[in-house]
Amino acid sequence: MKTQGIHHITAIVGNPQENVAFYAGVLALRFIKQTVNFDDPETYHLYFGNESGAPGTAMTFFPWPNAYRGTIGGGQVGVTRFAVPRGALSFWRERLTSEGVVCKDKTRFNETVLAFSDPHGLRLELVEHEESPVSRYAYDGVDSTVAIKGFAGATLYSTAPEKTHRTLTDVLGFERVVEDDERIRYRASGPLGNTVDVIKKAASRGTMGVGTVHHIAYRAADDDAHAAFRSRVQESGLRVTPFIDRLYFRSIYFREYGDVLFEIATDDPGFTVDEPLEALGETLRLPPQHEHLREGLKGKLKPIDGKRFKGKIQ
Ligand code: ZN
């Protein structure tokens, strides 16, 4: 049993409106869900992805406008990598530069990678990725010929790389495919989010805060696979949470031996479970257990203007 790859990645950022302006405005991802952190309902949880936020495309954020900056380091996803269609990198180099984003070209495993940071310090990369399906969401001149498809992969900064390797292969079913002096690349079977790199040198612990990734989630096809993954996590000696209903998927969480917080999430039911595809992200959605808080949250959650960045499904 193998995961298909990354389900979603969740990071901590600052001001929510700045977060929406960058991911929906500049990167032209679809703002697919406006909800609260189910474990801390007085704060937002914002989701961005392809037209439906399909597994492998959802980048999600906890905006903490008054929190300190974190430091990127061991026990974190250090870099999040998005996939774009072949030939699209020059478009993105130009678009990002015109928005004042500083970009750097890198070559890795014979691929050109465009590296930059978001306004809150998260490290991001774009890479051309032919095999994955295109996004059907278009906004502001970014259409399926160039739009971000979803994740290409992630780079893990582990405090114990050898042990992280074992969790990726023995628990999640990734295959080790290639390495260079700096990193080892693992591959999963799905079309998106199917590579995870681990930096070979053990990293010293980063600190959680604005501009750092909180956790990375991997895909479980259904409840049977989810249960089997949970058993494997336990057999590997790691402590794992019970199954938790996150409304859009069901989750388990565990901190692997290299200190990175891993989640395994089911593909179903997805983001259309509480609003139609055409209206995703337009209004604040609350899970049933927090619906009674709606009135009180009005004074605590500053409204977000997402409509300004509304595009079209092609
Ligand atoms: Zn998650």
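Start by selecting H8: at 3% relative accessibility, H8 counts as buried. Bear in mind as you click around that this is a predicted model.

**The zinc site**

Now show the zinc ion together with H8. Which atoms coordinate the zinc ion? They are NE2 of H8, NE2 of H215 and an OE atom of E263, at 2.0 Å. Along the chain, the donors of the zinc ion follow the spacing H-x206-H-x47-E. H8 sits in strand β1 (residues 6-13) and E263 in strand β17, so this pair ties together parts that are 255 residues apart in sequence. Click on E263 too: its relative accessibility is 0%, so E263 counts as buried, the cut-off being under 20%.

**Along β17**

Stay on β17, which covers residues 261-266, and pick T266. Is T266 buried or exposed? Its relative accessible area is 0%, so T266 is buried. Leaving aside neighbours within four places in sequence, the residues in contact with T266 are H7, A220, D222, D223, H226, F249 and R250.

A bit of background before the next clicks: most residues other than glycine have a negative phi, and most peptide bonds are trans. Select D268 and P269, which are joined by a cis peptide bond with omega at about 0 degrees. P269 belongs to the loop between β17 and α5 (294-297).

Next, hop to D259 in the loop between β16 and β17. D259 is not a glycine, yet its phi is positive, about 75 degrees. L247 is another stop of this kind: its phi is near 65 degrees, a positive value in a residue other than glycine. You'll find L247 in the loop between β15 (244-245) and β16 (250-255).

**The eight-stranded sheet**

Zoom out and colour the strands. In what order do the eight strands of the open sheet run? The order is β2-β3-β4-β1-β14-β17-β16-β15, with mixed pairing. At the edges stand β2 (30-37) and β15, each with a single partner strand, so one side of each is left without a neighbour in the sheet.

Look at β1 beside β4 (residues 58-63): the two pair in the parallel sense over six bridges. For a landmark, find I12, which stands opposite F62 in β4.

Move on to helix α3 (residues 161-171), where the buried residues include P161, T164, H165, T167, L168 and V171. After α3 comes G173, with a positive phi near 85 degrees.

Carry on to β11 (residues 175-179), which runs antiparallel to β12 and is joined to it by four bridges. Together, β11 and β12 form a hairpin with three residues between them. To see one of the bridges, select E179, whose partner in β12 is I184.

Last stop: β12 itself (residues 183-187), a mostly covered strand with four of its five residues buried. β12 also runs antiparallel to β13 (residues 195-199), and five bridges join these two. Finish on Y186, which stands opposite V196 in β13.

Methods
Residues numbered from 1 in each chain as written. Predicted model: local features only at pLDDT ≥ 70, side-chain atom pairs only at ≥ 80, totals over all residues. Heavy atoms only, no water. Buried < 20%, exposed > 50% of the residue type's maximum accessible area, 1.4 Å probe, protein only. Contact = heavy atoms within 4.5 Å. Donors = N, O, S within 2.8 Å, 3.2 Å for Na, K, Ca; no water. Pairing = 2+ DSSP bridges.
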